[in-house]
Amino acid sequence: MASCHHGARSKTDRELYVGTVSQDTDNTNMGTLNYDTASIGFLRASTWTADPFLGTIDDVRIYDRALSTAEISALAASPPGACANSAPTLTVNEPDGTSDSVTVGDDYSIDNDLADTDNTVTVAFYYDTDSSGLDGTAISGACATAAEGTSVTCTWDTTGMTPGSYYVYGVTNDGTNPDVTDYSPGQITINAAAITAIYYSVGTDATALYSDTASASSGTLTLNSAAASKIGVGDEIRVGAGADRYYITGRNSSTEFTIQNSAANGGTPWGYEHCVCKHEHHDLPGI
Ligand SMILES: [Ca+2]
Ligand SMILES: [Ca+2]
Ligand SMILES: [Ca+2]
């Protein structure tokens with residue numbers, strides 16, 4: 001029984017409350033409360049007992065006076081024991097913005113404290129561009145149902161994340177109380193993957209094949225000066241074995257280019273068939 005029932009009694013009557021609401025009063029069979037004849041949970045008259053209480057009696061208090069209405073209200077406002085189901089407590093500890101930089105594809109450990117005194121609960125995590133609104137995106141995997149504990153971590157696989165900075169928040173519910181949520185104190189920064197670019201010039205016979213470290217984000221590609229002198233608009237970049245192909249659509253500076261990829265940037269990729277045939281024809285290694 002989730003509600004609390006309080007009885008109040010004086011020498012001249014008794015009164016039953018449910019919560020703060022008085023249900024009834026009566027004054028039959030009034031008498032002295034004796035330790036050897038009084039009973040809790042059933043009717044008793046000498047050696048005769050009957051009508052056991054149906055339910056759980058959790059907290060019994062006996063006073064030597066009748067409680068005031070204010071005292072009844074105070075009891076109902078902070079009911080004892082089983083009368084209340086405590087809401088879960090949730091604190092997201094990490095990311096706190098310190099040492100929380102990863103590269104797309106890395107695992108990141110979200111750290112939190114989660115507890116509930118009377119239920120077993122889990123917490124589902126989301127990422128959000130700011131720390132308000134609870135309008136983020138659910139994180140799948142272990143962080144969708146992280147268990148209770150102190151400084152518990154769950155692993156977030158950041159594969160596929162758009163590079164940027166994000167807050168993380170958790171949502172938990174014990175089935176009785178409203179959702180309990182908490183935002184991380186800081187952001188995780190997810191950086192674009194540093195990629196190894198294998199590139200060649202379409203307009204040549206592609207005998208010059210280069211490998212170098214490049215970075216691609218938001219539709220731009222930056223190469224070092226030595227590598228940049230070898231390619232230009234119209235060339236194609238292939239990023240790692242089996243990875244996406246980027247088509248160079250423009251040059252922003254001597255080392256920075258704009259790129260298009262049908263999957264990543266919504267652009268039109270260089271003819272895939274053309275590239276495969278070209279590579280096969282020249283029997284280039286590593287492509
Ligand atoms: Ca609870
Ligand atoms: Ca941190
Ligand atoms: Ca938000």
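**Notebook: one predicted chain**

I began with burial and noted that buried residues make up 20% of the 287 residues in the protein chain, where a residue is buried if 20 or more other C-beta atoms lie within 10 Å of its own, exposed if 12 or fewer, and partly exposed in between, with C-beta atoms placed from the backbone. I kept in mind that this is a predicted model, in which local features need pLDDT of at least 70 and side-chain atom pairs count only at pLDDT 80 or more, while totals for chains, interfaces and linings use all residues. Residues are numbered from 1 along each chain as its sequence is written, and chains are lettered from A and ligands numbered from 1 in the order in which they are written.

**Strands**

I then looked up the secondary structure, which comes to 3 helices and 20 strands; these are DSSP runs numbered from the N terminus, helices being H or I of at least four residues and strands E of at least two. An open sheet is formed by 3 strands in the order S6-S8-S11, with antiparallel pairing, and two strands pair if DSSP finds at least two bridges between them. Its edge strands, S6 (89–94) and S11 (149–157), each pair on one side only. Strand S8 (residues 107–115) is joined to S11 by 7 bridges, and I found Ile110 opposite Cys154 in S11.

I also followed strand S2 (residues 14–18) and strand S3 (residues 21–26), which pair in the antiparallel sense over 5 bridges, with Asp24 in S3 as the bridge partner of Leu16. This hairpin has 2 residues between the strands, and Gly19 takes a positive phi near 65 degrees.

**Core**

The largest nonpolar core has 22 residues, and Ile110, Phe125 and Cys143 are among those with the most contacts inside it; such a core is a set of buried Ala, Val, Leu, Ile, Met, Phe, Trp, Tyr and Cys residues joined through C-beta atoms within 7 Å. Leaving out residues up to four places away in sequence, Cys143 touches Ile110, Phe125, Cys154 and Trp156, contact meaning that the C-beta atoms, placed from the backbone, lie within 7 Å.

**Gln187**

Is Gln187 buried or exposed? I recorded Gln187 as buried, because 21 other C-beta atoms lie within 10 Å. Gln187 lies in the loop between strand S13 (180–183) and S14. Tyr167 is 20 residues from Gln187 in sequence, yet their C-alpha atoms are 4.6 Å apart in space. Beyond its neighbours within four places in sequence, Gln187 has contacts that include Pro95, Gly97 and Asp100.

Key: Two residues are in contact if their C-beta atoms, placed from the backbone, lie within 7 Å.
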